[in-house]
Amino acid sequence: MPIKLLPSHLINQIAAGEVIDRPASVVKELIENALDAGATAITVDIEGGGEKLIRIIDDGCGIARAELMLALERHATSKIAKLDDLERVASMGFRGEALPSIASVAQLKLSSRTANEPHAWAVEAQGGQVSAPVPSAHPIGTRIEVRELFYSVPARRKFLKAERTELGHIDSALIGLSLARPDVEFKLTHNGKALRTLPKALDNDARLRRLKPLFGPEFVDHCLAIEGDSPGIALSGYLSAPTHSRSQPDQQYFYVNRRLVRDRLVSHAVRQAYQDVLFSGRHPAYVLYLEIPFDAVDVNVHPAKSEVRFRDSRMIHDYVYRSLKRALADTRPMLEPERASETSPAMAPQQYSWPMNSERSAYAAPALLSGLQALYGRQEEVREQPVQLPDAGSSLGPPLGFALAQLKGIYVLAENQHGLVLVDMHAAHERITLERMKRERLGAALSSQLLLVPLKLMVSEGEANLAQELNEALKDLGFEVDRHGPESLLVRRVPALLADLNIEKILRDVLAELKSVGQAASVQVHLDELLATMACHAAVRANRRLGIAEMNALLREMEQTARADQCNHGRPTWVALKIEDLDRLFLRGR
Ligand code: ADP
Ligand code: MG
């Protein structure tokens with residue numbers, strides 16, 4: 001075939017291949033246009049999963065009669081005029097491709113009115129032909145109707161999924177865009193039935209209310225809000241508490257200057273920040289907004305504009321990582337006096353609901369009852385120890401209260417202002433030890449203790465080589481290890497915090513982990529994991545009897561420790577049962 005210039009209709013259809021791959025992408029592009037036009041309310045009506053009809057109505061600035069036909073031309077845009085503009089794009093669109101692409105694969109009707117015109121004008125596009133504007137009835141703003149999507153491209157049509165699936169994608173697209181613009185009202189209907197109504201949300205409470213149907217009440221009740229602000233960069237939004245992680249990474253929204261993006265670098269930064277508070281295989285939920293100068297990010301790297309490129313990606317990564325890490329470090333037990341009387345579990349990191357109305361309640365209640373009777377039956381014994389009174393300064397006493405007893409060598413039972421606190425000793429201690437090691441590590445190496453008698457350790461030759469190779473890294477962790485023979489090591493110093501423990505087992509674990517990590521350079525990166533391995537060994541094992549004083553010391557230490565609400569694997573370390581919860585359990589005061 002000789003080389004020919006393609007007809008423009010075909011060029012548009014080819015462009016549509018990239019930008020418009022299903023009804024949801026039409027919805028996305030059209031909502032973006034409405035937002036760019038300054039709309040404050042956007043209605044999306046869908047029929048037949050979007051294949052039959054997509055209608056988007058906005059109250060934006062509208063398109064003047066003279067520009068209506070131009071809007072449907074390829075490379076026609078009102079958003080940029082020169083290269084300079086492209087380098088600091090503030091609008092969602094800028095490529096001038098969406099309308100002509102859509103018009104090339106569907107029937108399109110566009111009605112619009114600006115504030116300067118007495119009435120609206122409408123144009124229609126079909127098969128590459130655009131009709132001249134005719135008067136039409138419409139308030140200020142724009143209405144776009146897209147019918148028979150892909151009618152001219154049967155190949156594409158074949159890829160469309162069931163109506164419900166396509167509708168699901170449309171809904172996701174709408175959610176993705178709406179999260180960036182709480183100041184705009186969104187409505188979605190399907191075949192005449194209202195599916196979603198998201199009213200304007202101008203303050204924090206309203207935003208949380210609007211998030212509720214999208215992220216679920218669990219998220220909204222327990223999320224951490226962040227609001228970061230440094231010169232030239234800001235990160236704000238909501239993230240899930242580690243104890244409310246998800247099995248899927250399905251609720252993760254990251255916006256750069258209000259544009260939803262998928263970005264490996266950013267996801268990595270978030271994952272790292274959660275690393276030592278989340279059980280592996282679990283995923284956080286978040287909706288985060290990064291604001292940076294428009295020229296610090298290139299948005300022209302993806303036809304559907306769902307990816308961006310940062311000019312200084314390292315800086316962005318570190319900023320996101322540090323901001324989130326700081327937010328997550330604040331999740332330690334705290335009393336919130338003003339919320340303490342609500343029935344919402346303000347005290348508990350874990351949602352605690354008693355199955356009062358289900359069949360299970362019949363079994364659950366007596367089990368707990370006998371536990372409590374046993375507990376209070378031994379009250380004398382407990383009271384022998386002088387229970388410290390809360391100091392006069394704080395009328396509420398310490399958040400985690402004072403220890404009453406130990407249950408099965410696993411749980412500490414404590415009493416605070418609001419009721420009963422249950423602490424998983426092992427999980428709590430593990431977290432405390434890890435945080436202590438991390439604090440020590442901040443200075444330089446973990447402090448170490450000389451063994452009176454060096455410990456000889458038989459290992460594989462590989463492990464011995466590794467220990468030799470990574471000697472410096474081991475020193476950082478508080479171990480001094482010498483090569484003793486081809487298959488033996490001599491341990492001279494051990495981390496002070498671990499000195500009383502089974503060093504052999506800990507060192508073997510650390511070596512095994514170093515082996516999987518590989519080189520010395522990555523030890524730094526995996527430091528938290530290594531410390532976590534060590535902390536796990538150091539933690540009080542279940543079944544150790546603790547005295548009241550020891551238990552109180554543990555509680556006080558938890559209150560001082562960052563991230564004390566979860567163990568190193570993201571399990572909660574404590575839960576609270578308020579007096580109201582207990583009253584309900586015993587059907588008291590009803
Ligand atoms: P882009 O958004 O990249 O500029 P589009 O093809 O999506 O390209 O739209 C072309 C032009 O049509 C826009 O630049 C804008 O001027 C105008 N336009 C599209 N939709 C609307 C709308 N809902 N309200 C006002 N103007 C619109
Ligand atoms: Mg556009």
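Ala, Val, Leu, Ile, Met, Phe, Trp, Tyr, Cys and Pro count here as nonpolar, Asp, Glu, Lys and Arg as charged, and the others, Gly among them, as polar. On this scheme, the lining of the largest pocket holds 24 nonpolar, 10 polar and 16 charged residues. The structure is a predicted model, and the values that follow were computed from it.

The volume of the largest pocket is about 1300 Å³. Its lining numbers 50 residues, of which Lys-28, Leu-260, Val-261, Arg-262 and Ser-306 are the closest to the pocket centre. Several secondary-structure elements supply at least two lining residues each: helix H1 (8-19), helix H2 (23-36), H7, strand S12 (252-256), strand S13 (259-260) and helix H10 (264-274). The largest share, seven residues, comes from H2. Residues of domain 1 (8-198) and of domain 2 (204-329) both occur in the lining of this pocket, so the pocket lies between the two domains.

Ser-178, Leu-179, Pro-182, Ala-201, Arg-207, Arg-210, Leu-211, Tyr-238 and Tyr-289 form its lining. By class, six of these residues are nonpolar, one is polar and two are charged. Helix H7 (163-180) and helix H8 (204-215) each contribute at least two residues to the cavity lining, and H8 gives the largest share, with three. Domain 1 (8-198) and domain 2 (204-329) are both represented in the lining of the largest cavity, so the cavity, too, lies between them.

The largest nonpolar core comprises 61 residues, and within this core Ile-31, Ile-42, Val-146 and Leu-179 touch the most other members. H7 provides the largest share of the core, eight residues. Both domain 1 (8-198) and domain 2 (204-329) give residues to this core, so it lies between them. In soluble globular proteins, nonpolar side chains tend to be buried together. Leu-179 is one of the core residues with the most contacts to other members, and Leu-179 is also among the residues that line the largest cavity. Helix H7 is likewise represented in the linings of the largest cavity and the largest pocket.

S17 pairs with S18 in the antiparallel sense over five bridges, and Phe-402 has Glu-415 in S18 as its bridge partner. The two strands form a hairpin with three residues between them. In that turn, Lys-408 has a positive phi of about 55°.

Strand S18 (residues 411-416) also pairs with strand S19 (residues 419-424), again in the antiparallel sense, over six bridges. The bridge partner of Tyr-411 in S19 is Asp-424. A hairpin through two residues connects S18 to S19. S19 is in turn joined by five bridges to strand S23 (residues 574-578), and these strands run antiparallel. In this pairing, Leu-422 has Val-575 of S23 as its bridge partner.

Most residues other than glycine have a negative phi. His-75, a residue other than glycine, has a positive phi near 60°. His-75 is located in the loop between helix H3 (68-71) and helix H4 (83-86). With a relative accessible area of 54%, against a cut-off of over 50%, His-75 is exposed. Leu-587 is not a glycine either, and its phi is positive at about 55°. Leu-587 belongs to the segment that follows helix H21 (579-585). At 52% relative accessibility, Leu-587 counts as exposed.

Ala-467 belongs to helix H15 (residues 461-469). Ala-467 has a relative accessibility of 2% and therefore counts as buried, for which the value must be under 20%. The C-alpha atoms of Ala-467 and Val-481 are 7.3 Å apart in space, while the two residues are 14 residues apart in sequence.

Terms used: Residues are numbered from 1 along each chain as its sequence is written. Chains are lettered from A and ligands numbered from 1 in the order in which they are written. This is a predicted model: local features need pLDDT of at least 70, side-chain atom pairs count only at pLDDT 80 or more; totals for chains, interfaces and linings use all residues. Side-chain values use heavy atoms; hydrogens and water are left out. Two strands pair if DSSP finds at least two bridges between them. Helices (H or I, at least four residues) and strands (E, at least two) are DSSP runs, numbered from the N terminus. On a 1 Å grid over the protein atoms alone, a cavity is a set of points where a 1.4 Å probe fits but cannot get out, and a pocket is an open set with protein on both sides within 12 Å along at least five of seven lines; lining residues have an atom within 4 Å of a point. Domain bounds come from an automatic or database domain assignment. Grid points are joined across faces, edges and corners, and a volume is the space filled by probe spheres set on the points. A nonpolar core is a set of buried Ala, Val, Leu, Ile, Met, Phe, Trp, Tyr and Cys residues joined through side-chain atoms within 4.5 Å. Buried means under 20% relative accessible area, exposed over 50%, partly exposed in between (1.4 Å probe, protein chains only).
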